Amino acid sequence: MNFGIIGTSIWQQNTRLLEALTLDRESRKASLNELKRALGVDELVYLSTCNRVEFIYYKVMRHDSSMLLHRLIDFFFSKSERREISFFPNDFYHHTGREAVAHLFRLTSSLESMVIGESQIAGQLKDAIDDAGEYGIIGPMLQDAADEAMMVAKRVKRETALGWGSVSMASLATDELQQHLSSTRDNLIAIVGAGPMTGKAAKYISDSGLGQIVFVNRTVDKVAEVAAKFGGRAVSLESFLEAPGEVDAIITATASREPVFGESFLQKLPSGGRPVLCVDLAIPRDFAECFGESDKVKLVDIPYLRTKSDGNLRQKFIETSKASDIVRDAVNDYLSRKIEVSLKPIFRNSFEESLELAERAFEDLFKKKLTNLTDEERDAIMRLMTKLVGHATYQPARWLSSELAHSQAEQSVADISPQSNQPQTNQSKRKAV
């Protein structure tokens, strides 16, 4: 399995690194094609969410997986403007082989999410796969792994109660609004951006009856439809920056590389009353550092919401254990099938030799002792013999595949399959940056 995942997340607590690895939508295609060449991999998928960035790769030939991390670091941080960003080796995680498959399955099943049980991550992975197809950087191996991960996620959702009553980033943001805003229902709430979070946040706000919604985006047309759906109004970012009015709360999740709201906007916000609630769900952050130091606003960001959701895993401990068991079995089954495919060519010669020997024996038997059989009866015997020989020959491959998949013997798989990767564990093979 020459399959790996390099990433960082909110759990590594290095927000600046997370921001630096986030690619602009406008330049993403060119950047990822350039990165694919720099890494020297055959397939690549880029996954970016509000709390993680991952580079999922596949490489046909054997390779030193530790070098891929160094190449990725060189790609992003060799330029002078990014050299001031500090990080340590454990700010990255690098999974290969079994670890990578298990991480992908757990991730898609929301077991690695900040909010355990949320369903948004599966859709985000699907979008990432679709983007990779559009960019021409994905192939059959990662597509197959992603398809399998999606099926595992559906099974987790179907066979556990992990997603029942689950919260999401949008619902956590709405909880903050409910605690902060007045109960008069005449609040003015701005949602900035045109991504998937916009509709989710708008639905929660609308269902809660918290107030009127203003949908803000650089291009008004992109939010006009969602504004009409929720009875709000759409305004341009330029006009909102110039005149925010008596806004009570701002939720933002744009893809801007630089802060959208700076000192000049802060000065235009109302003062003297209740602070304006600013919920920043963007990476990189949409609000400049000055917002965290001002009495005019209450700034809520992803790390803050993370602390609010810490009880999520404890509440769902039993269901999480069930889901983990499902994922573990799915990883073993998936690897077993892949290993069996790699082993079958090795057993092919044995099957052909055994079949040839059996055919000669039966032909001799037909000529000397079973001379009264019809052609149809002989054909039926030969078909049965072929099935028996095939079962006897390939059964060891199935057994060995299952044994290897259920063990940690990845090195054995690498030795058996000439094109497979020599796996390295995440901790033991990581080198200092």
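Is phenylalanine 77 buried or exposed, and what is its relative accessible area? In this predicted model, phenylalanine 77 is buried, with a relative accessible area of 8%.

View 1. A search of the whole structure finds 12 aromatic pairs. Among the residues that ring pairs join into a cluster are Tyr46, Phe55 and Phe75, and the cluster also includes Phe76, Phe77, Phe87 and Phe92.

**View 2. The pair of phenylalanine 77 and phenylalanine 87.** Because phenylalanine 77 belongs to helix H3 (residues 65–77) whereas phenylalanine 87 sits in the loop between H3 and strand S4 (93–96), the pair ties together parts that are 10 residues apart in sequence. Phenylalanine 87 counts as buried at 17% relative accessibility, a value that falls under the 20% cut-off for this class, and phenylalanine 77 is likewise buried, at 8%.

**View 3. The pair of phenylalanine 240 and phenylalanine 265.** Here the ring centres of phenylalanine 240 and phenylalanine 265 are 5.5 Å apart and the planes stand at 40°, so this pair is tilted. Since phenylalanine 240 lies in helix H10 (residues 237–242) and phenylalanine 265 in helix H11 (residues 263–268), the pair ties together parts that are 25 residues apart in sequence. Phenylalanine 240 counts as buried, with 4% relative accessibility, and phenylalanine 265 is buried with a relative accessible area of 2%.

Technical notes. Residues numbered from 1 in each chain as written. Predicted model: local features only at pLDDT ≥ 70, side-chain atom pairs only at ≥ 80, totals over all residues. Heavy atoms only, no water. Phe/Tyr/Trp six-rings, centres within 6.5 Å; stacked < 30°, edge-to-face > 60°. Helix = DSSP H or I, 4+ residues; strand = E, 2+ residues; numbered from the N terminus. Buried < 20%, exposed > 50% of the residue type's maximum accessible area, 1.4 Å probe, protein only.
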